[in-house]
Amino acid sequence: MPIAAAMSAHAYDINRSYDWNYAHAPVRLPDVRMPACAGDWSFCGIPVASPLGIPAGPLLNSRWILYYAALGFDVLTYKTVRSSARASYSPPNLVPVRHASIAGEGSTVVMADSVAEESWAISFGMPSKDPDVWQEDVEAARRELPEGKVLVVSVVASPQDQWTLGRIAADFARCARLARDAGAHAIEANLSCPNVATQEGNLYASPEASREIAAAVRDAAPALPIVLKVGLFNDADHAEAVVRAVTGYADAISTTNTITAVVRRPDGTAIFDGQRRGIGGRVIGARCLAELVMLRDVIDRAGSNVRLVTVGGVSSAADVRERLAMGADHVQLATAAMLNPMVGIAIRKALSRSAAEHAGHATTRS
Ligand SMILES: Cc1cc2nc3c(=O)[nH]c(=O)nc-3n(C[C@H](O)[C@H](O)[C@H](O)COP(=O)(O)O)c2cc1C
């Protein structure tokens, strides 16, 4: 299929609902020649062909997973699922925004834009199909995924007001068992969702909660790698307490799950009733890079063997190189891959070109 057709026919339609996009996943897989990515890559110890993956979010179901697996991504994360069905927030679910660079959590106000160029506010509320539905679909993804691709299933608990930490951890574990039984290669526990007001929103901030959940998920899926998805930390000491708490239970930490901001229209009126929403895309890139550098240092100082997955604002081969150079073990793209489904191919081309140039220089020198 020509590249242009692959791009235009299958991009997520931000003017439609989550349910519409779930039902209208790409049906035809692009037939693209895949540039090889020189180097030895792995995801939590599983060998893969590149350092590139898609985090929880863009891949609503198995059809979306197979589509992006055909577009140069080797680690595919199934959008966060729950132990019971949950509806999506009403549209808009993705609102394009304009801003220079978001420096951190706090009172940032970003301006809504009319076209999606590089960044947007994300507002789904972590919808989920019933476990019977998503388990069958995870099984289909696993069955149809080409050899060598890694299927991660992102899970979250659905706590009610009076739930104790033990009950929350047990709900995470239940989802992890269901995902394991359906064929997940790895489990990601989402400890951070900025767009929900209930307890599951910022569990990562507590070392105790992070450890208890990581231990429960590890217990539920002892043979699988466990990834913890986290938000921004206030400081390195706080991050170190969490890293130490989860070492021995988690295989990797995935940072960062968006940065929140209030979104306003150009006329000053608030969107989302003035509540903050997670922002994804280029505007959070610099801050997510700084978080990666901080966490790399914290993990090394703590002597922890936890690996680092970097996500947030990555959109080019230069970004990927930089994240790897700064200590990431694996790199994921959400917003950039939705806005341009061919970005994985472009990054692989650039990485293979620079590897060839590097080999050329080495030959000239020797
Ligand atoms: C459409 C969309 C849906 C998302 N849904 C989830 C989710 O269900 N669970 C989760 O952990 N993160 C979710 N995220 C956050 C992404 O995994 C990622 O952390 C964030 O978008 C920053 O990466 P980016 O700048 O490449 O978009 C979602 C992001 C997008 C764009």
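Across which strands does helix α5 (residues 165–182) lie? Helix α5 lies across β4, β8 (150–155) and β9 (186–190), and runs at about 155 degrees to β8. Helices (H or I, at least four residues) and strands (E, at least two) are DSSP runs here, numbered from the N terminus. Axes are lines fitted to C-alpha atoms, for helices over the stretch in contact, and angles run from 0 to 180 degrees between N-to-C directions. Contact between two residues requires their C-beta atoms, placed from the backbone, to lie within 7 Å. Helix α6 (residues 207–220) also packs on the sheet, where it touches β9 and β10 (226–230), and its direction makes about 150 degrees with that of β10.

Two remarks on the source. This is a predicted model, in which local features need pLDDT of at least 70 and side-chain atom pairs count only at pLDDT 80 or more, while totals for chains, interfaces and linings use all residues. Residues are numbered from 1 along each chain as its sequence is written.

I turn to the barrels. Eight strands close into a barrel with parallel pairing, in the order β3-β4-β8-β9-β10-β11-β14-β15. The twist from one strand to the next averages 25 degrees. Strands count as paired if DSSP finds at least two bridges between them.

A closed barrel of 5 strands, with mixed pairing, runs β5-β6-β12-β13-β7. Here the twist averages 55 degrees from one strand to the next. Strand β12 (residues 259–264) is antiparallel to β13, with 3 bridges between them, and Ile 259 has its bridge partner in β13 at Ile 279.

Next, the ligand. Of the 26 residues around the ligand, those that come nearest are Pro 55, Gly 57, Gly 280, Ala 334 and Thr 335; a residue is near if its C-beta atom, placed from the backbone, lies within 6 Å. The elements giving two or more residues to this shell are β4 (75–81), β13 (277–281) and α10 (335–339).

Finally, the chain overall. The protein chain holds 11 helices and 15 strands. Its C-alpha trace spans about 65 × 50 × 40 Å along the principal axes. Of the contacts with a separation of 6 or more, 75% are between residues 24 or more positions apart.
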